[in-house]
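Welcome! Here is a short tour of a structure that may be new to you. Have a look at the picture, and then we can walk through it together.

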Amino acid sequence: MAKRIEVSGLHAYYGGVHAIEDISMTIEPRSVTAFIGPSGCGKSTFLRTLNRMHEVIPGARVEGKVMLDDEDLYASSVDPVAVRRVVGMVFQRPNPFPTMSIYDNVAAGLKLNGVRRKSQLDEIVEESLQGANLWNEVKDRLGKPGAGLSGGQQQRLCIARAIAVQPQVMLMDEPCSALDPISTLAIEDLIGKLKSQYTIVIVTHNMQQAARVSDRTAFFNIAGTGQPGKLIEIDDTSKIFTNPEQKATEDYITGRFG
Amino acid sequence: MTSETGVEATAGARHRGATSLRMSTGRAGDKIFVSAARGSGIVVLAIMAAIAVFLVWKAIPALQDNKANFLTAEEWNPNATEPRFGIAQLAFGTIVSSLLAMLIATPIAIGIALFISFYSPRRLASALGYVVDLLAAVPSIVYGLWGLAFLSKHMDGISTFLNDVLGWIPLFGGDSPGKNSIFTASVVLAIMILPIISSITREVFLQVPRANVEAALALGATRWETIRLAVLPYGRSGMIGASMLGLGRAMGETIAVAMVLTYVPGINIHLLENGGATFASNIANSFDEATATGRGALIASGLVLFAITLVINMVARAVVARRKEFV
């Protein structure tokens, strides 16, 4: 059920600010694609254009094409709400619903999709929590608030919530940046496991992480403050980290700037 | 970004190092500010205490002369040679009209707040928010005039309709639905407390973490589903607190209610019929002609209102504060 994403000529704006310029790339299904680049280079913005979350910010808009297999996400007939049910997202800071139990957090998306039967909900909730490597830690306290878990557990809960609705693509916006190394490792293991089923895109500031978890890596950069972010290159991760085509990529990876 | 803050931090440290260990001049300002703030706090408490003492002091002689039970009697004849008065009718009128006003106003106020916060275009939202807040600034005598001169004349239809359809419920029962009823007063009160409930609710909605809203949106929630998933559960205790603050305000409202209601002695459970009185409306209507005992009696009733409002406000604050726990 994983799908290929093909982006062509994509621009994104915040009001009058041109945030990213003319991005084209192909994201392969059942693989992990990492976005790296300095702060403000537009990689998070670009990620959010892939499930039409960019436009929920007042004044924000997008030009260009994002094809999910053979459907254009920005076609006028497409409902952004439907897009987000197919393209799931995990955020930088764990954001479980604070007033809901662990169970209800995972079931939230299912209920939106009209799943009401308790037995079916139970089954999918367990499946999703197991898929997120969290089941063993929480199975005895499913009724407790999700906000009571540790940061790493909360992030896995958010992943469980996202995979419960069986999306075709999973977007992760620096999912480990608020976590300690052990929780980070748990999430990275999980990403390795999830890629057999999903198309995964991950934004990260941690280059070791990109090298560890991703199959392909895209490097974004900006020419200067106020300039739009651009895609510099995208290639197999091993190539990007050993022998990149562009000088800027090499400079960034070897720590010469950024 | 991290490197920038790092630079600032070292610069700050160097600056502090240079000023040695002597007490800086900022300390005097600190002391003045602390005593001014503490003084203001004490003044507030002192005023509250003084009001309470005054009310009790003035009320005691009248209460001693009272030949009826102050808490349970429905009659209000403190000016007679044998003064007989009790607060039962006033308490009933006050509590029922305010509760009804709260029930009418809260859903509308929450609807307004939701519309302003999540649905309306930004420019309309700020204009609308401003207009709603403006409602709070209209003097209550204007509401009273409007209630008396306009609303009560147009309440006939609604009152008769409610009486016909819901007459089997005692509150809407009775033989002769009228214009100057507790129900009409409640509608006027509802409009008066709408702005406070709406603006506090809006404040609560503004505090809903962006992250929760985005979490719901990213799951594929529509706007209404986002509100149900992320906004309403988060804002629930805030909304309860806001409506209770509105309730407290409705209880103390005087002139608008006094203008709308026509006094008929005795508790009348049929809210659509003319009559009823509240603590505040009774004080406004009878203070001028009251004897010394009569004034004492009114002050005693004011004391009861003071206590009820205090309790309601305390409960409301407690509910609003409780929200902080589960975030």
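How are H6(A) and H7(A) oriented to each other, roughly parallel or roughly perpendicular? The two helices are roughly parallel, because an angle under 35 degrees counts as roughly parallel, one over 145 as roughly antiparallel, one from 65 to 115 as roughly perpendicular and the rest as oblique.

## Before we start

This is a predicted model, in which local features need pLDDT of at least 70 and side-chain atom pairs count only at pLDDT 80 or more, while totals for chains, interfaces and linings use all residues. Residues are numbered from 1 along each chain as its sequence is written, and chains are lettered from A and ligands numbered from 1 in the order in which they are written.

## Chain A as a whole

Chain A holds ten helices and ten strands. These elements are DSSP runs numbered from the N terminus (helices are H or I with at least four residues, strands are E with at least two). The radius of gyration of chain A is 18 Å, close to the 18 Å that the globule rule gives for 258 residues, so chain A is as compact as a globular protein of that length. That radius is taken over C-alpha atoms, and the globule rule is 2.2 Å times the number of residues to the power 0.38. Along the principal axes, the C-alpha atoms of chain A fill a box of roughly 55 × 45 × 30 Å.

UniProt, in an unreviewed entry, lists residues 5–247 of chain A as "domain: ABC transporter". Such positions are given in the numbering used here, feature names are shortened, and annotations may be inferred rather than shown by experiment. This span is 35% helix and 27% strand, and its end C-alpha atoms lie 27 Å apart.

## Helix pairs in chain A

Two packed helices are described by the angle between their axes and the distance between the axes. Axes are lines fitted to C-alpha atoms, for helices over the stretch in contact, and angles run from 0 to 180 degrees between N-to-C directions. Back to our opening pair: H6 (residues 151–164) and H7 (residues 181–194) of chain A pack at about 20°, with their axes 9 Å apart. On the H6(A) side the contact includes Gln155(A), Arg156(A) and Ile159(A), and on the H7(A) side it includes Ala186(A), Ile187(A) and Leu190(A). Residues are in contact if their C-beta atoms, placed from the backbone, lie within 7 Å. By class, this contact has four nonpolar, four polar and one charged residues. Here Ala, Val, Leu, Ile, Met, Phe, Trp, Tyr, Cys and Pro count as nonpolar, Asp, Glu, Lys and Arg as charged, and the others, Gly among them, as polar.

H3(A) and H4 (residues 118–131) of chain A pack at an angle of about 110°, their axes being 10 Å apart. That makes H3(A) roughly perpendicular to H4(A). Tyr103(A), Val106(A), Ala107(A) and Leu110(A) of H3(A) meet residues of H4(A) including Leu121(A), Ile124(A) and Ser128(A). The contact of H3(A) with H4(A) has eight nonpolar residues, one polar and no charged.

## Chain B

Chain B has eleven helices and two strands. From the N terminus on, its elements run α-α-β-β-α-α-α-α-α-α-α-α-α. A compact globule of 327 residues would have a radius of gyration near 20 Å, but chain B has 26 Å. Its C-alpha atoms fill a box of roughly 80 × 55 × 35 Å along the principal axes.

In chain B, H3 (residues 88–119) and H8 (residues 223–252) pack at about 145°, with axes 9 Å apart. Their contact has twelve nonpolar, five polar and one charged residues.

## Where the chains meet

In all, 23 residues of chain A are in contact with 19 residues of chain B. H2(A) gives the most to the side of chain A that touches chain B, with four residues. That side divides into 13 nonpolar, six polar and four charged residues.

Conventions: Contact = placed C-beta atoms within 7 Å.
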